[in-house]
Amino acid sequence: MTDSAPTGPASPIDPTGTDSWQQLSDIATDFSPDLRGWFASESDRAERYTFQAADLTIDLSKNLLTDDILRPLLQLAEDVDVAGRYRAMISGEHINVTEDRAVLHTALRRPKGGADLEPAEGFTVDDDDVDAEVHATLAKVYAFAEKVRSGEWTGVTGKRIATVVNIGIGGSDLGPVMVYDALKPYVQDGLECRFVSNIDPADIYEKTADLDPETTLFIVASKTFGTLETLTNARLARQWLWERLGRAGVLEDTDEARTGAVAKHFVAVSTALDKVAAFGIDPENAFGFWDWVGGRYSVDSAIGTSVAIAIGPQGFSEFLAGFHAIDEHMRTTPLERNVPVLMGLLNVWYTNFLGAQSHAVLPYAQDLSRFPAYLQQLTMESNGKSVRWDGSPVTTNTGEIFWGEPGTNGQHAFYQLIHQGTRLIPADFIAVANPSRPLRDETGDGKTVQPGQDVHSLFLANFFAQTKALAFGKTADEVRAEGTAEAVVPARVFSGNRPTTSILAPALTPSVVGQLIALYEHIVFTEGTIWGIDSFDQWGVELGKQLALQIAPAVDGDAEALEAQDSSTKSLIAKYLELRD
Ligand code: F6P
């Protein structure tokens, strides 16, 4: 990025009033994409549009992009000063204006003693010595993780911990569960993590049913320690622990014994350590973080304690180093080679000029199966906004609906619509060269799959085939040349020109997982800056939470509370009460 001075969260620049926006509108008016033609006439297209960010190779060449489009897109990033706002963010300005907070997830992964850090080591924000506090907390998390991994930390009966159950929701769940799944091969033998999030009692019931209370450790992860789901599940877990230890005959029926059991089987992660203590968790066993870390940006804080236990401090530091590598790429790379900026700009091109409403994320890595769900919170809670950071209405569409499933499963489900439907759905394909579990098909089928076939190569053949099919399609003449009956030719034509980005990494290491997360964090940042919105608040989730608490008495049978509801809600609750055994 350029070296402009940090800018504060003054009034956003209206992107739609810029010349670059006007140019993009003009191009979009009679835009007719031609990936076949562009590849035929630009021999260097793949090379020109392929970029490197840390270990990630990102090929943008199969996007609906030409140099004539890229130029105004880059100008748009200059016009709204994406670089300046990024520098404002990382140096701790309160760019989360509606909550009057700094936004410093990038500080969570700054290495200790880094000479080239920007801002320089030792910077303070709201009286916090950011680096010192981050590293002190990390040291505490690592020390605890080591104790659990080595067996030094035991349950109340002296048995070592075998299962860690993380209780949290939203950012206090989606990050840890996604990363744990992604890094399963790195998990220490004899340790398992489970994740309880939903207030539906089926979730905690299923996750604890077969567990041994003597070897189970609960981590209550909640930034606010006030979230209904998490606190309800934490109480249910405590109840389960007492009940199951009692049933096993290893817990005396005294308050002291129960308190002692909680101290050995519960730890917490929160910014509200007073509330943690009120729940009965020893503050010594609580790991803090700060209000300048948003929930959906917190997996690299103490919220990742379950992951730190599972993969160990070494693995967790590599995970953080992966984030930092992309942060540095974002900070130091000129816009025209800056991958998160380019990907954010492409999303703006599709969303605001070509009418795309959704964006598919398709990991060709089973271990990344929760990545789309993780990105749903990151992208949609961040950029699903209708007002700008000064409170004025947005001037263009914001946000995209992120969705996806791992390949090849998705191919047999929803790819039909991506290939031949009427909607434009940009898609990110993510793959790793080296599988976490290499296997060969020793016998093959003797026809298409030869004996000894490397299954990962077969898997990735699908990755390459899909992006090729989406880009180049199949013409009517090509379909006819296969001897297809004329009546079904139209149904078998593929229009092509369906945009994809291919992201390739060497392997799904802790560092690469950190890199992927940071990449999308900064894509979100780029888009949010262009739209002029506060990507770091989430007021849109509040109303439903308030109403649930107001409605709860009615659902529990309180006639007066029921009467106060609107007619639809009233009759639905009445029906629920009638159906309830
Ligand atoms: O409901 C939205 C939200 O506030 C998320 O932003 C957050 O990640 C989640 O709830 C959980 O909040 P907490 O960590 O405070 O329990």
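## Around the ligand

The ligand has 14 residues surrounding it, and the closest are Ser172, Ser222, Thr224, Thr227 and Glu381; a residue counts as near when one of its heavy atoms lies within 4 Å of the molecule. You are looking at a predicted model, where local features need pLDDT of at least 70, side-chain atom pairs count only at pLDDT 80 or more, and totals for chains, interfaces and linings use all residues. Residues are numbered from 1 along each chain as its sequence is written, and side-chain values use heavy atoms, with hydrogens and water left out.

By class, this shell holds 2 nonpolar, 9 polar and 3 charged residues. Here Ala, Val, Leu, Ile, Met, Phe, Trp, Tyr, Cys and Pro count as nonpolar, Asp, Glu, Lys and Arg as charged, and the others, Gly among them, as polar.

## Contacts and cover

Let's go through some polar contacts (pairs of N or O atoms within 3.5 Å; within protein, one must be able to donate a hydrogen and the other to accept it, and residues adjacent in sequence count only if both atoms are side-chain atoms). The side chain of Ser172 places an N or O atom 2.6 Å from an oxygen atom of the ligand. For Ser222, an N or O atom of the side chain is 2.6 Å from a ligand oxygen. Glu381 has a polar side-chain atom 2.6 Å from an oxygen atom of the ligand. Taken alone the ligand exposes 390 Å², and the protein buries 88% of that; accessible areas come from the Shrake-Rupley method with a 1.4 Å probe, and for residues only the protein chains shown count as cover.

The ligand takes up the space of the largest pocket. A pocket is found on a 1 Å grid over the protein atoms alone, as an open set of points where a 1.4 Å probe fits, with protein on both sides within 12 Å along at least five of seven lines. A molecule sits in a pocket if more than half of its atoms lie within 2 Å of its grid points.

## From Glu381 to Lys385

Glu381 also takes part in a contact within the protein: its backbone oxygen lies 3.4 Å from a polar atom of the Lys385 side chain. The side chain of Lys385 makes a polar contact with the side chain of Asp537 as well, at 2.8 Å.

Lys385 sits in the loop between helix H14 (371-383) and strand E11 (401-403); helices (H or I, at least four residues) and strands (E, at least two) are DSSP runs, numbered from the N terminus. Its relative accessible area is 12%, so Lys385 is buried. Buried means under 20% relative accessible area, exposed over 50%, and partly exposed in between (1.4 Å probe, protein chains only).

## Backbone points to check

Here are two cis peptide bonds to look at. One joins Glu118 and Pro119, with omega about -5 degrees, and Pro119 is in the loop between helix H5 (82-90) and strand E3 (124-125). Another runs from Gly407 to Thr408, with omega near 5 degrees; Thr408 lies in the loop between E11 and helix H15 (415-420).

Asp126 is not a glycine, yet its phi is positive, at about 50 degrees. This residue lies in the loop between E3 and strand E4 (128-129), and with 42% relative accessibility Asp126 counts as partly exposed. Asn497, also a residue other than glycine, has a positive phi near 60 degrees; Asn497 is in the loop between helix H17 (476-481) and E15.

Strand E15 (residues 500-507) contains Leu504, which is partly exposed at 28% relative accessibility. The C-alpha atoms of Leu504 and Pro372 are separated by 17 Å, with the two residues 132 apart along the chain.

In helix H21 (residues 567-579) you will find Lys570, partly exposed with 24% relative accessibility. Its C-alpha atom is separated by 8.6 Å from that of Ala554, 16 residues apart along the chain. Asp181 belongs to helix H7 (residues 174-182) and is buried, with a relative accessible area of 18%. The C-alpha atoms of Asp181 and Ala132 are separated by 30 Å, and these residues are 49 apart along the chain.

Technical notes: On a 1 Å grid over the protein atoms alone, a cavity is a set of points where a 1.4 Å probe fits but cannot get out, and a pocket is an open set with protein on both sides within 12 Å along at least five of seven lines; lining residues have an atom within 4 Å of a point.
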